[in-house]
Amino acid sequence: MQVIDLSHPMTPEMPVFPGDPSPEIRVVASLENEGYVERLLTLSSHTGTHVDAPAHISPHGKTLDALPPEAFCGQGEVVDCRPLGSKPISLGFLKQSGCMSRPVDFILLYTGWDAFWGGEKYFSGFPVLTPEAAEWLIQAPIKGVGVDALSMDPIDSENLPVHNILLGQSVLIIENLANLGKLPARDFFFSCLPLPIEQGDGSPVRAAAIIGL
């Protein structure tokens, strides 16, 4: 069995969505003074590698604490979107890639954008699903769609069409994934378990894939 970490490290200097607060990590107890170590974390619910609950954008969507643990794990499939560069991820491209040719729980879009993590390029130019492609994905009984980029919609989008399509049908969104290039296209178990935050609209996650389970 092999476990692949799909999350970015959480640091005060990490990239955040423009306008979101940067995380603060402060030592409040030390071995020298209190005999134990403890840190105070101050961060947005959508910091770093995180999951969007339906309540993030849907007025009647479920919150994190209303979803069972099994909603955040299952069989995964990687779609290699790198040949597109910055072009949209269209329905035609998904079909040509063989996406969802057999039952799967999570579709992970491998754009390669995690290579730009920490630099200005990370914030723009990443490919996103077209609304038509998103509408096609929700026709299957999938649990979530993930991407190794900042957002499922363009950074300057005001209407967030892909967020609305997916979350509106209770399909989770996982953003800022990493290391998708280390995964096989299929036959792996994916997990993105969040904190069970009361009325939670989202949460950082330690996403991981298990191969050979």
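Buried means under 20% relative accessible area, exposed means over 50%, and partly exposed is anything in between, with a 1.4 Å probe and only protein chains counted. Asp80, for instance, is partly exposed, with a relative accessible area of 31%.

Before I go on, the model is predicted, so local features need pLDDT of at least 70 and side-chain atom pairs count only at pLDDT 80 or more, while totals for chains, interfaces and linings use all residues. Residues are numbered from 1 along each chain as its sequence is written, and side-chain values use heavy atoms, leaving out hydrogens and water.

Let me stay with Asp80. Its side chain meets that of Arg82 in a salt bridge, 2.8 Å from N to O. A salt bridge here is a side-chain nitrogen of Lys or Arg within 4 Å of a carboxyl oxygen of Asp or Glu. Arg82 is partly exposed too, at 44% relative accessibility.

How many salt bridges does the structure hold? There are 4. Another of them joins Arg206 and Asp5, at 2.9 Å from N to O. This pair links distant parts of the chain, 201 residues apart: Arg206 is in the loop between strand E10 (202–204) and strand E11 (208–211), and Asp5 is in strand E1. Strands are DSSP runs of E with at least two residues, helices are runs of H or I with at least four, and both are numbered from the N terminus. Arg206 is exposed at 62%, whereas Asp5 is partly exposed at 30%.

Now the interior. In general, nonpolar side chains in soluble globular proteins tend to be buried together. A nonpolar core is a set of buried Ala, Val, Leu, Ile, Met, Phe, Trp, Tyr and Cys residues joined through side-chain atoms within 4.5 Å. The largest one has 34 residues, and Leu137 is among the members that touch the most others. Helix H3 (161–168) is one of the elements that give two or more residues to this core, and H3 gives the most, with 4. Leaving out residues up to four places away in sequence, Leu137 has contacts (heavy atoms within 4.5 Å) that include Leu94, Cys99 and Val145.

For Cys73, the nearest cysteine sulfur is that of Cys192, 7.9 Å away. Cys99 is buried, at 5%.

Key:
A disulfide is a pair of cysteine sulfur atoms within 2.5 Å.
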